[in-house]
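Dear colleague,

Please find below the sequence and the structure that I am handing over to you.

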Amino acid sequence: MGNLGGLFIFIFAGIGCVIAGFFLNNFLTSKRYKEAQTDAADTRELAKREAETIRKEAELQAKDVLLKMRQEFEAQTKERREELANTEKRIVTREENLDKRVDLLEKKEKDLSIRLDALREAEVRIKEKTEELIKVLAEEKQRLQAVANLSSEEAKKILLARIEDELATEKATRIRHMNEEVKDTADKKAREVITIAIQRCASDHTAETTISVVPLPSDEMKGRIIGREGRNIRALEQATGVDIIIDDTPEAVTISGFDMMRREIARMAIEQLIGDGRIHPGRIEEVVDKAKEDLDKKIKEEGDRAVMELAIHGMHPELIKLIGKLRYRTSFGQNGLNHSIEVAKIMGIMAHQLGVDVKTAKRAGLLHDIGKVVSSDVEEGTHAIVGARLCRKYGESEDVSYAVESHHGEVEMNTLYGILVSAADAISAARPGARAESMETYMKRLENLEKISNSFKGVEKSYALQAGREIRVVVMPDKINDDEAIVMARDIRKRIEEEMEYPGHIKVMVVRETRAIEFAK
């Protein structure tokens with residue numbers, strides 16, 4: 001019984017353990033389930049937050065892409081608008097050019113219409129002449145019929161005599177025309193030969209008086225003077241009106257031009273640019289303007305030096321300035337100021353020997369060629385007439401003014417001073433080597449080239465270059481367009497051919513340049 005009781009106890013204890021294990025398992029399973037649910041909820045929340053973060057990042061990226069696309073679209077749109085604006089400007093310019101061409105064509109059409117009317121009138125006149133000829137032939141036939149009673153020999157004699165008279169008249173007319181044509185051709189050929197001979201004989205002298213040489217610190221400076229794509233040298237040539245020649249000559253630049261003042265301005269400007277070191281088109285224009293001011297001061301100093309050397313007092317400042325300008329002018333190849341001082345000294349010596357006023361004689365000698373400084377700018381009067389006008393304007397005595405006016409015999413020499421000026425001028429010119437007649441002809445030809453070019457409307461300035469073989473004309477771009485510049489070049493060429501005589505060829509270059517300038521503040 002005792003064993004049976006222990007068995008039951010063991011059984012009940014085992015059943016209790018099973019039940020306790022079952023409940024413990026359920027508890028643990030429920031706990032793990034809850035923990036799993038909590039983990040799943042945390043995982044879902046984390047996934048939700050990550051998804052929200054990814055969504056926001058995607059939205060930001062999408063906004064960035066959209067912003068970039070919008071900026072690219074706006075840039076492309078702006079560029080396209082600029083292209084369309086430029087295209088529109090070009091179209092407007094072309095339309096303007098087409099309008100001008102249409103105007104030219106209409107003008108040509110009118111000219112053709114006028115010529116057609118003239119041809120029609122000529123046709124009418126020819127028709128009238130033809131009718132007259134028919135009448136004359138009819139009259140001749142009637143005359144032949146009237147003489148038909150004559151023998152054949154007599155009729156032949158009458159006809160031959162009439163034909164011989166007509167042939168003799170026509171022969172004489174043709175011979176006269178041929179003689180005139182041969183004479184004109186011979187004169188033209190003779191002028192060409194003489195002009196070429198003068199030019200060859202004067203070439204060395206011309207080179208000496210139309211060239212200046214500027215020394216350089218090194219050959220590297222040549223490249224800086226030329227500038228990128230030649231812009232510096234072009235700006236120099238356009239601002240000064242001379243040719244800047246840069247060749248193989250070591251450490252030197254050659255300035256070529258017939259106007260001594262322009263060459264001096266170019267020389268001073270180049271020297272200042274070399275010393276300053278800043279060489280570009282804008283600086284070049286400033287330096288050239290400064291060189292012009294400095295040259296005005298030098299001209300005044302030259303005039304003061306001349307009057308002081310001759311002990312002349314009380315002369316008007318404007319006359320002294322004009323005397324200084326003679327330093328940069330030649331008279332038949334002879335320096336104008338040196339020639340005037342020489343004439344004044346000779347005048348003083350002769351006046352002393354003759355017992356007349358030496359001071360008046362010197363003043364007349366110094367001023368006798370003063371009109372040459374301004375005669376190219378005056379429409380009427382030779383340099384003697386213009387010089388006398390200047391003397392009277394600036395308070396010189398009538399003896400001095402009349403001597404200047406009469407020293408070339410253009411007015412009667414009624415005073416001793418005029419005769420003395422003429423004699424002293426001839427003595428100074430007669431000195432061996434003092435003058436070269438061909439140089440004056442050469443200078444006059446270059447001045448005429450510039451005068452013809454400046455006579456056209458819209459021309460800002462013009463320069464004769466290459467010893468007169470080229471004329472460079474700078475026009476105002478707001479008044480002359482490209483087509484009109486082409487027409488102007490042709491018209492200038494025609495005027496030169498009609499009004500001038502010259503050896504070889506002359507190149508006409510019309511330059512039209514537009515500049516846009518802004519100042520950054």
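Which residues are buried in α10? They are T360, A361, R363, A364, G365, L366 and L367. Here buried means under 20% relative accessible area, exposed means over 50%, and partly exposed is in between (1.4 Å probe, protein chains only). Helices (H or I, at least four residues) and strands (E, at least two) are DSSP runs, numbered from the N terminus.

Some remarks on the source are needed. This is a predicted model, in which local features need pLDDT of at least 70 and side-chain atom pairs count only at pLDDT 80 or more, whereas totals for chains, interfaces and linings use all residues. Residues are numbered from 1 along each chain as its sequence is written, and side-chain values use heavy atoms, with hydrogens and water left out.

The chain as a whole

The secondary structure of the protein chain comes to 15 helices and 8 strands. Of its 521 residues, 31% are buried. The chain exposes about 35,100 Å², and carbon and sulfur atoms supply 56% of that area; accessible areas come from the Shrake-Rupley method with a 1.4 Å probe, and for residues only the protein chains shown count as cover. Among contacts (heavy atoms within 4.5 Å) with a separation of 6 or more, 61% join residues 24 or more positions apart.

Helix α10 spans residues 358-367 and is mostly covered, with 7 of its 10 residues buried. At its start, a side-chain oxygen of D357 comes within 3.4 Å of the backbone nitrogen of K359.

H339 belongs to helix α9 (residues 336-354). Is H339 buried or exposed? H339 is buried, because its relative accessible area is 0%. Its side chain makes a polar contact with the side chain of H368, at 3.3 Å. A polar contact is a pair of N or O atoms within 3.5 Å; within protein, one must be able to donate a hydrogen and the other to accept it, and residues adjacent in sequence count only if both atoms are side-chain atoms.

G241 follows α5 and has a positive phi, near 75°.

I284, in helix α7, counts as buried because its relative accessibility is 0%. Leaving out residues up to four places away in sequence, I284 touches N232, A235, L236, L273 and I279. I284 and I233 are 51 residues apart along the chain, and their C-alpha atoms are separated by 9.4 Å.

How does the span of α6 compare with expectation, and why? The expected span of a helix is 1.5 Å times one less than its number of residues. The 17 residues of α6 should therefore span 24 Å, and the end C-alpha atoms are 24 Å apart, which agrees. The buried residues of α6 include M260, I265, M268, L273 and I274. Just after α6, G277 takes a positive phi of about 90°.

R278 lies in the loop between α6 (260-276) and α7 (281-309). R278 is partly exposed, because its relative accessible area is 47%. Its side chain makes a polar contact with that of D276, at 2.9 Å. Neighbours within four places in sequence aside, R278 is in contact with R224, L273 and R283. R278 and R224 are 54 residues apart in sequence and 9.2 Å apart in space, C-alpha to C-alpha.

Backbone and ring details

Two residues other than glycine have a positive phi and may be of interest to you: E229, near 55°, and A311, near 60°. A311 is found in the loop between α7 and α8 (317-325), and is partly exposed because its relative accessible area is 43%.

R327 lies over the face of Y328, at 5.4 Å from the ring centre. A charge sits over a ring if NZ of Lys or CZ of Arg is within 6 Å of the ring centre and within 35 degrees of the ring normal.

Yours sincerely
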